[in-house]
Amino acid sequence: MVLSTQPVEITRDAGERQMAIRWADGHLSLYPWRLLRFHCPCAWCSGEWGQPGALAGTQPEDLSEEQTTLEDIALVGRYALQPTWADGHATGIYSFRLLRSLCPCGQCGSAASP
Ligand SMILES: [Zn+2]
Ligand SMILES: [Zn+2]
């Protein structure tokens, strides 16, 4: 089965502190903000050229309230999202493909689950 990587609806839910993505195939993914920030793909957070990033060796629980508060979500072209976090961090570009692979539901077999 090929999973859709095309979102039809993206919702920032401040009450639940999670982001919801409805995919073109009907699947609904719910991302707790903390999980989303922890998987920030930018070079500073995740490292580059074999160097560990700022989040290496940390746990999602180590992130501060500010770091895990989603202020805004911008679309990058037709392929990615760029969230802005309350601590000012906004360099992470999450491709839809990455987001789909991060879906924490049991069905998707997420990389984020233990
Ligand atoms: Zn980052
Ligand atoms: Zn899923």
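Modeller: D13 stands opposite Q18 in β2. This is a predicted model: local features need pLDDT of at least 70, side-chain atom pairs count only at pLDDT 80 or more, and totals for chains, interfaces and linings use all residues. Residues are numbered from 1 along each chain as written, chains are lettered from A and ligands numbered from 1 in written order, and side-chain values use heavy atoms, without hydrogens and water.

Biologist: What is the strand order in the open sheet?

Modeller: β1-β2-β3, 3 strands with antiparallel pairing. The edge strands are β1 (7-13) and β3 (28-32).

Biologist: Switching to metals. What coordinates the zinc ion (ligand 2)?

Modeller: H27 (NE2), C103 (SG), C105 (SG) and C108 (SG), at 2.1 to 2.3 Å. Donors are N, O and S atoms within 2.8 Å of the metal (3.2 Å for Na, K and Ca); water is not among the atoms, so sites may look incomplete.

Biologist: Is C103 buried or exposed?

Modeller: C103 is buried, at 1% relative accessible area. Buried means under 20% (1.4 Å probe, protein chains only). C108 is buried too, at 18%.

Biologist: And which residues hold the zinc ion (ligand 1)?

Modeller: C40 (SG), C42 (SG), C45 (SG) and H89 (NE2) coordinate that zinc ion, at 2.1 to 2.3 Å. Both C42 and C45 are buried.

Biologist: What spacing do those donors follow?

Modeller: C-x1-C-x2-C-x43-H along the chain.

Key: Buried < 20%, exposed > 50% of the residue type's maximum accessible area, 1.4 Å probe, protein only. Pairing = 2+ DSSP bridges. Helix = DSSP H or I, 4+ residues; strand = E, 2+ residues; numbered from the N terminus.
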